[in-house]
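The following questions and answers set computed values against the definitions on which they rest. Please read each answer with the structure in view.

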Amino acid sequence: MSRPQKQRRPRNAIDGWLVLDKPYGLTSNDALSRLKRILHPEKVGHAGTLDPRASGCLPIAFGEATKTVPMVMNGRKIYRFEVTWGAETNTDDTEGEVIATSDVRPDAAAIGAVLPEFTGTILQVPPKFSAIKVDGERAYDLARDGEDVELEARPIDVHRLTLVDMPDADRAVFEAECGKGTYVRALARDLGRRLGTCGHVTELRRLLVGPFGEADMVTLEELNEAAEEAEGNVEALMDFLLPVREALEDLPEVPVRSDDAARIRQGMAVLLRGRNAPLSCDLAFASHGGTPVALGFIDKGRFQPSRILHL
């Protein structure tokens, strides 16, 4: 006798962004799984992995917002992090083994003197325990297997690096505003070496990703509490979501008429009207009545859609 199949719960059509305040100790995928159990979305993904030993801003895209994830991931990021001097680890944080020690403790003046060297476009060697691929394998997998991983220095953009606190002689707290591909753990490691000591990250919190910051963040506890009160009514949780267009604020917007919007939704290019209409642009979005219609590019005054947004 066959066992009756468990009926699958229907998925909810949700479009928008939820900015999660990811707690310390939880992986980004675990956080995503918890949101799935609360909202049961048809489609969901996150914009940029945050390490389990870090907390803070983890933007979650639902539905049509998943098409705008690259815009968010390519945006600037702000981190606040604590460096503990005197020890360097093989992971550049508290998870790894200590591989070097020093009795030197830099003061505020010494730290301030070297910070300009770590701003602008600089070369950075990623941590050996990172997700970068080496001959098709993740660097952290090779490092865990005991292989001596050699990673090449890569250019990164650090727009701002400031010393914000020194709780004691052993610790310093920094804030970094940086571009895609920056490893804060490597900044801590390199700061320690430049200051004639050793250093590793002991606390890390992401404050901003692209257009999303602390004011937008929601905790899992808040969501769970709201879900219990809603008693399965997903519509009651929609106040936690931000519109899809929030991810597009840094892109040029091209307002179009209703007939042109219809053509764009069919994948057709349209000639842009108006004296100030742009002639060319690598990436922009068309909108009608304030609602995004499509992502695309502009060539010779014509908007060519590349991703249609069904909003």
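Predicted model: local features only at pLDDT ≥ 70, side-chain atom pairs only at ≥ 80, totals over all residues.

Q: How many helices and strands does the chain have, and what makes a run count as one?
A: The chain has seven helices and 19 strands. Helices (H or I, at least four residues) and strands (E, at least two) are DSSP runs, numbered from the N terminus.

Q: How is the chain divided into domains?
A: There are three entries in the division: domain 1 (16–75 + 212–240), domain 2 (77–209) and domain 3 (251–308). These bounds come from an automatic or database domain assignment. The centres of domain 1 and domain 3, taken over C-alpha atoms, are separated by 30 Å.

Q: Why is Lys-22 called buried?
A: Buried means under 20% relative accessible area, exposed over 50%, and partly exposed in between (1.4 Å probe, protein chains only). Lys-22 has a relative accessible area of 0%, and is therefore buried. Lys-22 belongs to strand S1 (residues 16–22). For the chain, buried residues make up 48% of the 311 residues.

Q: Which residues does Lys-22 touch, not counting residues up to four places away in sequence?
A: Contact means heavy atoms within 4.5 Å. Among the residues that Lys-22 touches are Thr-27, Ser-28, Leu-50, Asp-51 and Gly-56.

Q: Why is Arg-171 called partly exposed?
A: Its relative accessible area is 29%, so Arg-171 is partly exposed. Arg-171 is found in strand S11 (residues 171–178). Not counting residues up to four places away in sequence, Arg-171 touches Glu-82, Val-83, Thr-84, Trp-85 and Met-166.

Q: Is Val-114 buried or exposed, and how do you know?
A: Val-114 counts as buried because its relative accessibility is 6%. Val-114 lies in helix H3 (residues 108–114). Leaving out residues up to four places away in sequence, Val-114 touches Leu-191, Arg-194 and Leu-195.

Q: What makes a group of residues a nonpolar core, and which members touch the most others in the largest one?
A: A nonpolar core is a set of buried Ala, Val, Leu, Ile, Met, Phe, Trp, Tyr and Cys residues joined through side-chain atoms within 4.5 Å. The largest nonpolar core has 46 residues, of which Leu-18, Leu-20, Phe-81, Leu-161 and Phe-174 touch the most other members. Domain 1 and domain 2 both give residues to this core, so it lies between them. Apart from it lies another core, of 14 residues, among them Val-270, Cys-281, Phe-303 and Ile-308.

Q: What makes a space a cavity, and how many of 30 Å³ or more does the structure hold?
A: On a 1 Å grid over the protein atoms alone, a cavity is a set of points where a 1.4 Å probe fits but cannot get out. The structure holds one cavity of 30 Å³ or more. The largest cavity has a volume of about 80 Å³, a volume being the space filled by probe spheres set on the points, with grid points joined across faces, edges and corners.

Q: Which residues line the largest cavity, and where does it lie?
A: Lining residues have an atom within 4 Å of a point. Tyr-24, Asp-51, Arg-53, Asp-93, Thr-94, Arg-185, Val-201, Thr-202, Glu-203 and Leu-204 line the largest cavity. Strand S12 (residues 199–209) gives the largest share, four residues. Because domain 1 and domain 2 both give residues to the lining, the cavity lies between them.

Notes:
Residues numbered from 1 in each chain as written. Heavy atoms only, no water. 1 Å grid on protein atoms, 1.4 Å probe; cavity = no way out; pocket = protein on both sides within 12 Å on 5 of 7 lines; lining within 4 Å.
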